[in-house]
Amino acid sequence: LTTQVAIIGGGPSGLLLSQLLNKAGIDTVILERATRDHVLSRIRAGILEWGTVELLREAGVDARMDKEGIPHDGCYLTDEELMVHIDFKGLTGKQVMVYGQTEVTTDLYNAQAAMGTTVLHEVSDVEIHDLDQAKSYVDFTHEGTRKRLECLYVAGCDGFHGVSRKTIPEEKRKEFERVYPFGWLGILSETPPVNDELIYSNSRHGFALASMRNENLVRYYVQVPLTDKVEDWSDQRFWDEFSRRIPSEAASRLVTGPSIEKSIAPLRSFVSEPLRWGNLFLVGDSAHIVPPTGAKGLNLAASDVYYLYTALIDAVKGKTSGIDEYSTRALARIWKAMRFSWQMTTMLHRFDGEDAFAEQMRKATLNHLATSETARRDLAENYIGLPF
Ligand code: FAD
Ligand code: DHB
C-alpha cells in the first residue's frame with residue numbers, strides 16, 4: 001500500500017483531515033483501531049465554534065448540520081446568588097452551533113465513503129517507522145495479516161491513548177499536565193431541554209451543566225468524585241442531584257425520563273510539545289487534552305486540522321514553510337484554549353478541601369462578569385473561538 005498521507009485514527013481529527021486533503025486532490029489512508037459503530041457510539045462534544053462550522057462547510061459536510069444543528073446566541077453562568085447571561089451574538093457578532101460530535105463523525109464517514117477514500121477499521125499493532133527519512137512507512141495488522149503502508153507524511157490523529165505521540169522519542173517531548181480531582185457524569189435523555197440556552201451552574205452541591213442535542217434530546221452533566229462508578233448512579237439519583245444543582249426556577253421546568261447513555265469522564269489538562277517529529281504531525285487529542293468546561297476539545301482538533309491541511313497541500317507541492325510552522329502556529333492557539341478551559345473549570349467547580357479564599361475568588365469572578373461588559377466580552381470571545 002502507498003499513499004501521500006497516512007492518517008492514524010479515524011475520529012473527528014483524522015476524518016476531517018482526510019476529507020479536506022482528498023478534496024484538494026491529496027491521497028490518504030486512514031488506519032482506525034475500532035469499528036465504525038464503536039467510533040460513532042462515543043458520546044462526546046456538543047458545541048461547535050463558528051470557525052469549526054466554517055471548516056466543516058469547506059469540507060463539504062454542511063447539509064445536515066445546517067438542517068439539524070441549532071445556532072446559539074449565548075449561554076448562562078450561575079452560582080446560587082447570581083445568574084449571568086453571556087450574549088455571544090451581541091458581544092462578538094458570532095454564535096456557536098449545537099451539533100453533536102457523533103453527528104459530525106457520521107457526516108464525515110458518509111462523505112468519505114462518497115469520495116471513495118480508504119478507511120481501514122479494526123487495525124491493530126500500528127508501528128510508525130523512518131520518520132526522519134524522505135519516505136516513512138506504517139506497519140499494522142488488518143484482517144489477520146501484517147501489512148505495510150508507505151507514505152510521505154503521517155498524521156497522528158489517534159487520541160490521547162494512541163501510538164503516534166509515543167513514537168516521538170521521550171527526550172524530544174515536553175509534557176505539561178494538570179489532573180483535576182473530579183470527573184463529569186453525563187447522561188443523554190430523550191426529553192426537552194430545561195432551557196433554550198446552556199446553563200453552567202456552580203452550586204453548593206457541585207457543578208452541573210445543562211446542554212442539549214436537539215429539541216427532544218438533552219445532554220446533562222454533574223461533577224462527581226473520581227472514585228464514583230456509573231453503576232453508582234441510577235437515573236433517579238442523577239435527576240435528584242442535577243435538579244438541586246441548577247437554579248430552582250429552571251429545576252421547576254425540568255422534564256425527566258430514562259437515560260439512553262451514561263458515562264463518566266475524568267478532567268485533565270495536557271499538552272505535549274512539539275507537534276512535529278520529522279514526517280509525523282500530531283493533531284487533536286493525541287497532542288492535547290482540555291477539561292470539557294469550555295467546550296474546546298473538538299474545536300481545538302478542528303483548528304489543528306486547519307493549520308495542518310493547508311500546510312500539507314503546500315508541502316506536497318514542494319513548499320515546506322507551512323509544515324515547518326505547524327507546531328508553533330497550532331500551539332499558540334492551543335495554549336490560549338488551555339488557559340480558557342482551566343479558568344472556566346476553576347471558576348465553576350468546587351474543589352475538595354478548598355479554603356474560604358478560593359470560594360471568594362469564584363464569587364468575585366462571577367460578580368465581575370455580572371457587572372462588566374468587558375469581562376463578558378472576553379469570555380464570549382474565547383467561548384465562540386479565537387480566530388485560526
Ligand atoms: P479521538 O476522538 O480520541 O479519536 C482518536 C481515534 O483514534 C479513535 O477513533 C481511536 O479509536 C483511534 N485510535 C486510538 N489509538 C489508535 C491506534 N493505536 N491505532 C489506530 N487508531 C487508534 N470535548 C468537548 O468539547 N465537550 C465534551 O463534552 C467532551 N466530552 C468528552 C468526553 C470524553 C470521555 C472524552 C475522551 C473526550 C471528550 N471531549 C469533549 C473531547 C473531544 O471529544 C475530543 O477533543 C475529540 O474527540 C478529539 O478528536 P480526535 O479525533 O483528536 O481524537
Ligand atoms: C457539552 C459539553 C461541554 O463540555 C460543554 O462545555 C458544553 C456542552 C455537550 O456535551 O453538549
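**Close-up views of a predicted model**

View 1. Strand β2 (residues 28-31) runs parallel to β8, and three bridges join the two strands. Both belong to an open sheet of six strands with mixed pairing, ordered β8-β2-β1-β12-β19-β18. Strands β8 (118-120) and β18 form the edges of this sheet, each pairing on one side only. Strands of a sheet pair through backbone hydrogen bonds, in either the parallel or the antiparallel sense.

**View 2. Surroundings of ligand 1.** The shell around ligand 1 comprises 32 residues, and the closest are Gly9, Gly11, Gly159, Gly284 and Gly297. Two helices, α1 (12-23) and α10 (297-316), each contribute at least two residues to this shell. Sorted by class, the shell around ligand 1 holds 15 nonpolar, eleven polar and six charged residues.

View 3. The phi of alanine 295 is near 60°, a positive value in a residue other than glycine. Alanine 295 counts as buried because it has 24 C-beta neighbours inside 10 Å.

**View 4. Helix α3 and its covering elements.** Within helix α3 (residues 50-58), the residues Thr52, Val53, Leu55 and Leu56 are buried. The buried residues of α3 fall within an arc of 165° when seen down the helix axis, so they line one face of the helix. An α-helix has 3.6 residues a turn, so residues three or four places apart point the same way. The elements covering the buried residues of α3 include β3 (47-48), α4 (63-68), β7 (96-98), α6 (101-115) and α10. Glycine 60 follows α3 and has a positive phi, near 80°.

View 5. In helix α8 (residues 235-245), the buried residues include Phe238, Trp239, Phe242 and Arg245. These residues cover an arc of only 135° around the axis, which puts them on the same side of α8. Gln236, Arg237 and Asp240 are exposed on the other side of α8.

**View 6. Strand β17 and its partners.** Strand β13 (residues 174-189) pairs with strand β17 (residues 259-273) in the antiparallel sense over 13 bridges. One of the residue pairs joins lysine 174 to its bridge partner in β17, glutamate 273. Strand β20 (residues 288-289) also runs antiparallel to β17, to which two bridges join it. Here the bridge partner of valine 271 is histidine 288 in β20. The peptide bond from glutamate 273 to proline 274 is cis, with omega near -10°. Proline 274 itself has its place in the loop between β17 and β18 (276-277).

**View 7. Contact between the two domains.** The chain is divided into domain 1 (5-71 + 93-177 + 267-346) and domain 2 (180-259 + 351-383). The centres of domain 1 and domain 2, taken over C-alpha atoms, are separated by 29 Å. In the contact, 13 residues of domain 1 meet twelve residues of domain 2. On the side of domain 1 that touches domain 2, β17 and α11 (321-348) each supply at least two residues. By class, this side of domain 1 has seven nonpolar, four polar and two charged residues.

**View 8. Aspartate 125 in strand β9.** Aspartate 125 lies in strand β9 (residues 124-129). The phi of aspartate 125 is near 50°, a positive value in a residue other than glycine. Aspartate 125 counts as exposed because it has 11 C-beta neighbours inside 10 Å.

Conventions. Residues numbered from 1 in each chain as written. Chains lettered and ligands numbered in written order. Predicted model: local features only at pLDDT ≥ 70, side-chain atom pairs only at ≥ 80, totals over all residues. Near = placed C-beta within 6 Å. Helix = DSSP H or I, 4+ residues; strand = E, 2+ residues; numbered from the N terminus. Nonpolar A, V, L, I, M, F, W, Y, C, P; charged D, E, K, R; others polar. Buried ≥ 20, exposed ≤ 12 C-beta atoms within 10 Å, placed from the backbone. Arc of directions from axis to C-beta. Contact = placed C-beta atoms within 7 Å. Pairing = 2+ DSSP bridges. Domains from an automatic or database assignment.
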